[in-house]
Amino acid sequence: TTEKKSLAGIQSRQIANTNKISAYGQLKSSLGELQSATKALSEDSFGAVKVTANSESIKITGNAKAAPGQYVIKVDSLATRQTLTAAAHNSRDSAIGEGGKITVRLANGKEHSLDMKGKDTSLQGVMNAINADAELGMKATIINTGDPSNPYRLQLSAAATGEAASISTIRVDGNDDLATLLNVDASDPAASGFEQTKAVNAKLTVNGIAITSQSNTLKNTIEGLEITLNKAGEDPINVEVTKDDSVALNAVKDYVAAYNKFNNAIRSLTAYNVDLKKGAALTGDSMARDSQNAMRDA
């Protein structure tokens with residue numbers, strides 16, 4: 001009998017602890033929703049703007065820094081990546097010399113080297129090594145032209161759009177065979193057996209002002225607006241930026257709902273039933289009271 005009473009007491013405490021843990025979970029959930037609603041109720045909500053454009057050739061989003069107004073945008077050209085295609089090669093799996101160091105210099109002056117010591121120097125291996133090194137500023141692929149003798153061509157593409165991101169030179173040291181394939185100066189690629197498609201910058205006008213961009217995403221051209229260029233064309237695009245009060249209105253409504261839900265949760269979890277002389281899971285719990293008081297003070 002004594003053992004049964006002891007077991008019953010332990011089981012009772014287990015149930016109470018389980019209920020308390022569940023209650024903390026409910027309290028945490030309602031507090032999390034309130035924190036999210038508070039974050040949304042920021043200054044940006046009250047300065048929100050609505051941006052409309054009469055064409056899908058561009059996409060524009062705005063933030064609170066954007067001033068209401070009208071803009072006429074004309075996209076003359078999109079920014080593109082440079083490609084360099086090496087001379088044809090007869091195998092993609094056979095080693096091209098041994099080791100070596102590939103140094104790539106970009107038009108913006110950035111230079112980075114790839115050490116091929118102990119690595120696969122076949123066309124496939126070189127492609128894999130290039131693609132594994134993000135610091136080189138270029139990506140590689142192999143194109144099979146179907147030629148019966150030399151079907152494989154290594155094509156190198158600048159990692160980013162625009163002229164400044166273009167590959168200026170590639171130099172291989174310590175592997176003459178690989179150097180014969182990869183050495184190139186983009187100012188005269190044909191001299192090394194390369195074919196080149198040059199990169200171009202994006203060109204557009206905003207209210208008649210000429211703009212040049214390395215990227216097709218312009219973040220600082222008009223304060224508060226991010227412009228993504230999708231397509232070039234002759235037709236001007238009309239853009240209107242207006243204040244959007246609905247964002248603040250919805251943020252206020254969501255905050256009120258979350259605050260009331262938080263308070264209702266605490267009332268329910270800390271309630272005391274006088275008739276049953278029984279408290280809820282967090283009745284008398286200081287953490288619940290402190291959370292509510294802190295929220296009221298804030």
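1. The structure holds one aromatic pair. Its members are Tyr255 and Tyr259, whose ring centres lie 6.1 Å apart with the planes at 20°, so the pair is stacked. Planes under 30 degrees apart count as stacked. It should be kept in mind that the model is a predicted one.

2. Both tyrosines belong to helix α5, where a spacing of four residues, about one turn of the helix, separates Tyr255 from Tyr259. Tyr255 has a relative accessible area of 22% and is therefore partly exposed. For Tyr259 the value is 21%, and this residue is likewise partly exposed. The cut-off for a buried residue is under 20%.

3. Helix α5 spans residues 245-269 and also carries Val252. Together with Phe46 and Val256, Val252 forms a nonpolar surface patch, and the accessible area of the three residues together is about 250 Å². Val252 itself counts as partly exposed, at 36% relative accessibility.

4. Turning to the strands, the model contains an open sheet of four, in the order β6-β5-β9-β10 and with antiparallel pairing. Its edges are formed by β6 (111-115) and β10 (184-185), each of which pairs on one side only.

5. Within this sheet, β5 (residues 101-106) and β9 (residues 167-173) run antiparallel and are joined by six bridges. Lys101 stands opposite Asp173 of β9. In general, the strands of a sheet pair through backbone hydrogen bonds, in either a parallel or an antiparallel manner.

Notes: Residues are numbered from 1 along each chain as its sequence is written. This is a predicted model: local features need pLDDT of at least 70, side-chain atom pairs count only at pLDDT 80 or more; totals for chains, interfaces and linings use all residues. Side-chain values use heavy atoms; hydrogens and water are left out. Two strands pair if DSSP finds at least two bridges between them. Helices (H or I, at least four residues) and strands (E, at least two) are DSSP runs, numbered from the N terminus. Patches are made of residues with over 30% relative accessible area and no salt bridge: like charges are joined within 9 Å, nonpolar side chains (Val, Leu, Ile, Met, Phe, Trp, Tyr) within 5 Å. Accessible areas come from the Shrake-Rupley method with a 1.4 Å probe; for residues, only the protein chains shown count as cover. A salt bridge is a side-chain nitrogen of Lys or Arg within 4 Å of a carboxyl oxygen of Asp or Glu. Buried means under 20% relative accessible area, exposed over 50%, partly exposed in between (1.4 Å probe, protein chains only). Rings of Phe, Tyr and Trp (its six-membered ring) pair if their centres lie within 6.5 Å; planes under 30 degrees apart count as stacked, over 60 as edge-to-face and the rest as tilted.
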